[in-house]
Amino acid sequence: MPTVAGGDLVFAFDERGLLREIRSARDRSLFVRHETGVSWWRLELRDRASRPWSVTARDARACEIVAAGDGLRLTWSAIDAAPGLVVRAELAPWTPSPTPSPVATGEGAGGGAPVATGEGAGGGLACRLVVEGLGPDAALWQADYPVLPGLGAGERSPTPRDGCRLLVPTAGGQVIRNLAQARLSEPDANAGSFAYPCDLTMQFMACYREGGDGLLVMAQDAEGYYKQFTLRREEDRGLTLAVAHFPAGMPFSDGRFSPAYPVALSACDGGWMGAAERYRAWAIQQPWCARGPLHARRDIPSWLLANGLWVWNR
């Protein structure tokens, strides 16, 4: 069974490139397990008449799986419904960079060398998807990856029935504690779609069990491209979590599409705080946080910090 590992996370596939397991290398908790394998990507396409249709890894008659450095490259082809379409997924170990110490910026500001804090320890797997062979008869509307069906359905894993928690960073963040019965969104009790930027203030979600491992899914997108984190709950089959990516000029028919950023997955403990700290280790090195916290910066006018009332109209 082809496998790839990064940090404390292990992915296992069958010979068709279908996902069999996602597990923790530390205590072998199973986040996802499917005996027959499932597609972990889905493409929504449009034909010349703008009629929608979709393809997944199950529609490919050929899959090549090769080592790529310390990672794995999977290439699907011979898709009868879309001749010439080729889909490639690359998974590579991801190791967080050392978390830099706060840096004050502006006139007279001092510097700061990167200092490892331990918050980003662990790492995981970074996933990228490339779609080639797009054209007027198979134009891309939406690419979902990774798609994680039955999240938490494995043995010794968080499930909706045994205390599963879901961290959703809307506004200041919320934890859905009763995942088996909680309403996932206003339009649909059993499904939800959360956009970034818009509904989400951060680009991640995490499913975990109190006192056990959790699975963090985060987009490492420093440019802020539009994307959606989607949820669907199925009775006795756990939760499906997916990240939806959208090409410019939908439907996109210009040959090749690949999002400009990876989606990283990581096994983490410490509940919602552990997941948030793992995301924070990456986020504070991005343009919107790299200047450090407000109290340490010297390019912020004093009247702004002394303001008595903030009104944020979203």
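Guide: Two strands are taken to pair if DSSP finds at least two bridges between them, the strands (E, at least two residues) and helices (H or I, at least four) being DSSP runs numbered from the N terminus. This is a predicted model, in which local features need pLDDT of at least 70 and side-chain atom pairs count only at pLDDT 80 or more, while totals for chains, interfaces and linings use all residues. Residues are numbered from 1 along each chain as its sequence is written, and side-chain values use heavy atoms, with hydrogens and water left out.

On those terms, an open sheet of 6 strands runs in the order β6-β5-β11-β18-β17-β14, with antiparallel pairing. Its edge strands, each pairing on one side only, are β6 (52-56) and β14 (191-196). Neighbouring strands of this sheet are turned by 25° against each other on average, direction ignored, where axes are lines fitted to C-alpha atoms, for helices over the stretch in contact, and angles run from 0 to 180 degrees between N-to-C directions. Strand β14 is joined to the antiparallel strand β17 (residues 227-234) by 6 bridges, and Tyr-196 has Lys-227 of β17 as its bridge partner. Lys-227 also lies over the face of Tyr-261, at 4.8 Å from the ring centre; for such a placement, NZ of Lys or CZ of Arg must be within 6 Å of the ring centre and within 35 degrees of the ring normal.

Phe-204 is buried, with a relative accessible area of 2%, where buried means under 20%, exposed over 50% and partly exposed in between (1.4 Å probe, protein chains only). Leaving aside residues up to four places away in sequence, Phe-204 touches Leu-167, Pro-169, Leu-216, Val-217, Met-218, Phe-229, Ala-275, Ala-276 and Tyr-279, a contact being heavy atoms within 4.5 Å. Phe-204 and Ala-275 are 71 residues apart in sequence, yet their C-alpha atoms are 9.0 Å apart in space.

Helix α1 (residues 271-283) has 13 residues, which at 1.5 Å a residue should span 18 Å, and its end C-alpha atoms, 19 Å apart, agree with this; the expected span is 1.5 Å times one less than the number of residues. Among the buried residues of α1 are Ala-275, Arg-278, Tyr-279 and Trp-282, and the buried residues of this helix pack against β9 (86-94), β12 (164-168), β15, β16 (214-219) and β20 (263-268).

A search of the whole structure finds 10 aromatic pairs, counted when rings of Phe, Tyr and Trp (its six-membered ring) have centres within 6.5 Å, with planes under 30 degrees apart called stacked, over 60 edge-to-face and the rest tilted. Tyr-226 and Phe-246 form a tilted pair, 5.5 Å centre to centre with 45° between the planes, and Tyr-226 is partly exposed, with a relative accessible area of 41%. Tyr-279 and Trp-282 also form a tilted pair, at 5.7 Å centre to centre and 55° between the planes. Because they are 3 residues apart in helix α1, Tyr-279 and Trp-282 are separated by about one helical turn. Ring pairs link Phe-204, Tyr-279, Trp-282 and Trp-288 into a cluster.
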